Number of protein chains: 2
Amino acid sequence: MLEFNELLYKENIQKVWATHTEVEKIADTLSSQKFENIFFIAIGGSQATIAGIQEMLKTRTTIPTYVESASEVVINSHKLLTKKSLVITISKSGDTKEIICAVEYLKKREIKTVAIVCNPSSPLAKLTDHVIVNPMLKGAEAMYLILLFLTLRLLHNNKEFDQYEKFIIQTKILPDNFTKAKTKFDPIALDFTNKYKDTSYQLWIGSGNCWYEVYSFAMCILEEMQWMVTKSVTSSEFFHGTLEIVEQNTCVILVKGLDKTRILDTRVEQFVPKISNNFTVIDLEDYIFDGIDRELYNLLAPALMSCICTERLASYLSRERNHSLDLRRYYRQLDY
Amino acid sequence: MLEFNELLYKENIQKVWATHTEVEKIADTLSSQKFENIFFIAIGGSQATIAGIQEMLKTRTTIPTYVESASEVVINSHKLLTKKSLVITISKSGDTKEIICAVEYLKKREIKTVAIVCNPSSPLAKLTDHVIVNPMLKGAEAMYLILLFLTLRLLHNNKEFDQYEKFIIQTKILPDNFTKAKTKFDPIALDFTNKYKDTSYQLWIGSGNCWYEVYSFAMCILEEMQWMVTKSVTSSEFFHGTLEIVEQNTCVILVKGLDKTRILDTRVEQFVPKISNNFTVIDLEDYIFDGIDRELYNLLAPALMSCICTERLASYLSRERNHSLDLRRYYRQLDY
């Protein structure tokens, strides 16, 4: 596989999995200290990741959960964000200015924060009350997994998720399962790239807990890293406006997820080919393997999408378009 | 002004304003019956409207408020949506299939619903526990206004909004103020249309309580009614991906709002001209008039945007592009 070191990847996912013991300690401390609600606060791709987690939690817990933008929350504060709240934030770099600013704001108001960062000596790691170090720099699946350990443990402590132990045991095989998923998707990623690398516009569609990963792929990989014009829309909202711009050659990509909103994806799958002959479906169902209960796989859907789409597609697009994923013309080049 | 009957418009807004007495009775009944949280449930443009209202409420009330998609909530139910919830929904037609389905679902679960509809004999009006009739078929400002009467009255009853009476008194001049705003924006709408009517792609940006109206304008007017390709992104998220696709000739439109997130709009306003020379700012500040406190105008910002952008721009785009706003090639033409 292009730019893929299987041994290193498996080792990294294994290290991510191993964080669960440390994460549990933090979660148990937080549960014992009590909190009234959970605010997920981040920005950009990180906000998309935590929003995917909140999407799963809201159907499973009576603890109120909210997602807020790090740049908005400091100027337009949510009335229920108080000293009795728990804030969970993530940032790979640990120095994104909006997140630093938000955590400083929270600290002043004595609001408890726990952050997942890749760099333990980053400003964010120093600021928050609790730090969890994500040992894997690339691949949002690592962030998803650690966030699942943290939040599902909180639910387990709240007697709302009795499959926590099973989830830990079963996810031990993720290094294998994710590698198998990547391997299976790899030739599809190359075909996809050859087909779409020169498109002037891509419409990406998804729903449920995968929607935010779809949004993030379009914005953070295609727009930010490949300077390709996109729009993303939910499978539900697609039928309330965006469908009208679809023509015979419009490039439309649907990611079919694993949760109950999959039936909304199916409507899109049946509708778009009536109009466009430039339509591709990426069905996550094709990339799940034995060893993990289907019900628990649902929770892993955005991580799985990150593992295949985000990483495999990004690698091939970068090579075939001769456009490094690290190239920026404005972000962190010009001030804003 | 093109396709504008001033007398009729003022009369309609006056009728909308007059609904407040009936709305108050319903709000007072709901308050006396108690509820634990408010769910705003709708779809498409209607969902955008109620999300703009929720955006304002969340900074003003300790009542938990949530926005859910009508098509998702019935299959992926929120754990806090219970018999103790109050559901507020809106639909112009009153027969949108996803909303009917959602209200039937809520009814079975004995969850209280109040709906704002334009057609009192529509299926939705017959299904809900409380109906408020919006006397104005065109213009989302009517829906915004009725939603503000309803929700601000609930906050007033909860001792969280002591300016309710003032809001009612001051908004009595809205027929005049909104007409002045339309009149002032009218030549700008024509210029805008001449400049942008043939663009292959428009990027719309906004924030805070106006963000959802920006999202809705791009999706429901430009995409659905004019078949024009767009993307919309928040002023905050713009800097985390989408900025990289902006080039010298990229068509970018920023709507500067009136609430505190306006400073995020200002960052966009300062940044984009460094790159694109095809950039337009619509500043809502230029369309507010005497007689209403600035603090209360903040609450009216999305209604104001609807009044100028959505209606004036849509009229000119339709005429100059010779493309009726009622034309659909797929929606309600093909099944989904």
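A salt bridge, as used in these legends, is a side-chain nitrogen of Lys or Arg within 4 Å of a carboxyl oxygen of Asp or Glu. The model is predicted, so local features need pLDDT of at least 70 and side-chain atom pairs count only at pLDDT 80 or more, while totals for chains, interfaces and linings use all residues. Residues are numbered from 1 along each chain as its sequence is written, chains are lettered from A in the order in which they are written, and side-chain values use heavy atoms, with hydrogens and water left out.

**View 1. A salt bridge between the chains.** Here K231(B) pairs with E223(A), their closest N and O atoms lying 3.3 Å apart. The interface of chain A and chain B holds eight salt bridges. It also has 30 residue pairs in polar contact, both at pLDDT 80 or more (N or O atoms within 3.5 Å, where within protein one must be able to donate a hydrogen and the other to accept it, and residues adjacent in sequence count only if both atoms are side-chain atoms).

**View 2. The two-fold axis.** Chain A superposes on chain B by a rotation of 180° with 0.0 Å of shift along the axis, at an RMSD of 0.0 Å (least squares on the C-alpha atoms of residues with pLDDT of at least 70 in both). This is the relation of a two-fold axis. In chain A, K231(A) has the C-alpha nearest the axis, 2.7 Å from it.

View 3. The domain assignment, automatic or from a database, gives domain 1 (6-162) and domain 2 (173-320) in chain A.

**View 4. K10(A) and D176(A) up close.** These two side chains meet in a salt bridge at 3.1 Å, N to O. Two salt bridges are found across the interface of domain 1 and domain 2 of chain A.
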